[in-house]
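Subject: Structure handover

Hello,

Please find the structure below, with notes on what was found in it.

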Amino acid sequence: MTDIKSMSLTEMTDYFKELGEPAFRARQVFQWLHRGVRSFDEMTNLSRALREKLASSCLLCPPQVERKQVSAQDGTIKYLWRLGDGNCIETVLMRYHHGNTVCISSQVGCRMGCAFCASTLGGKVRDLTPAEMLDQVLFTQLDSGLEVSNIVLMGIGEPLDNFDTVLRFLDLVNSPEGLNIGMRHISLSTCGLVEKIDKLADYRLQLTLSVSLHAPDDETRSQIMPVNRSVGVETLFACCRRYFEKTGRRISYEYAMIDGVNDADWQADLLARRLKGAPGHVNLIPLNDVAESPLRPSRRTAAFQKRLESRGVTVTVRRRLGGDIDASCGQLRRKRLLETEQS
Ligand code: SAH
């Protein structure tokens, strides 16, 4: 079966040419798909014969809501979607004054092994397809009735470990015939795969790159993020500098505050020094407790922030949303997996 929904409009036009159909048909189908129809039958401006032809040769498999949780505190909505092959992934819709932001997954599970993250506990099962990434935005919008204006790739998975798919996805959501969400409304978060960051820089996209740093020194970072064991903080910062020089886009450094691990004054000082040559800002994140992990949230966030600021670093502290609904990375999928194992 052809994965028609993962195609760009150009690819779809070529595909329709092969089918002996005119180019405007491709545009119609592209528009229908990006409006979130659940079957080819809903494409009422196509002939019945064409709809049947597409249904017999093309894959159209929208995700099902496996579970949905709405935060009573702040209206955050978390979806656990069941994909065509039975795997589950998570999407979170966060409501801010400046618009609704959807946080989407890029893989089923993750192979990066970060010590504080629930998404990686069972390893990586598979990559998502561009259509499965797009569907998270489309069906979150349709189910919630809320329009999405911003997208963050901060759900389950390491986006740069699924590089080609993510680029295709960005092209799809960016399409004027589709959701038309501009690159400046998109953030991509990575644990720091330097070769892939260099590759991304070559595309000179106007998206915001977030680097999950979590520690400014190799000893600590390698302890909590295995990816650091082969690369190291200095190499990562050199890469970030290149990224900034090439794209002109400031990087956002994510830093989850972990009690007694990365929240010491000397680490704030080292972080400030490292940032001198790599313009960007630091986003301090209150650690979300993961039951399987011994790591606990820091109680020094305010002091750490002050110390960074006194050294000229721009710092924000992330507001916690959806704390009552397991809204952080991988927690809901993890729960579902454990329940299935027990039953
Ligand atoms: N793989 C990508 C994107 C997914 S994780 C990355 O590593 O950036 C999105 C962000 O949530 C990352 O910064 C990640 O380090 C952070 N994160 C994961 N588990 C967390 C937890 N328990 N508490 C706080 N932040 C967490």
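An oxygen atom of the ligand lies 3.4 Å from a polar backbone atom of Cys 191, a polar contact, meaning a pair of N or O atoms within 3.5 Å. This is a predicted model, in which local features need pLDDT of at least 70 and side-chain atom pairs count only at pLDDT 80 or more, while totals for chains, interfaces and linings use all residues. Residues are numbered from 1 along each chain as its sequence is written, and side-chain values use heavy atoms, without hydrogens and water.

The ligand is surrounded by 19 residues (a heavy atom within 4 Å); the closest are Phe 116, Ser 189, Ser 212, His 214 and Asn 288. By class, this shell has 10 nonpolar, seven polar and two charged residues (Asp, Glu, Lys and Arg count as charged; Ala, Val, Leu, Ile, Met, Phe, Trp, Tyr, Cys and Pro as nonpolar; the others, Gly among them, as polar). Strand S8 (186-190) and strand S10 (251-257) are the elements that give two or more residues to the shell (strands are DSSP runs of E, at least two residues, numbered from the N terminus).

Regards

Note on methods: Polar contact = N/O pair within 3.5 Å; in protein donor to acceptor, adjacent residues only side chain to side chain. Helix = DSSP H or I, 4+ residues; strand = E, 2+ residues; numbered from the N terminus.
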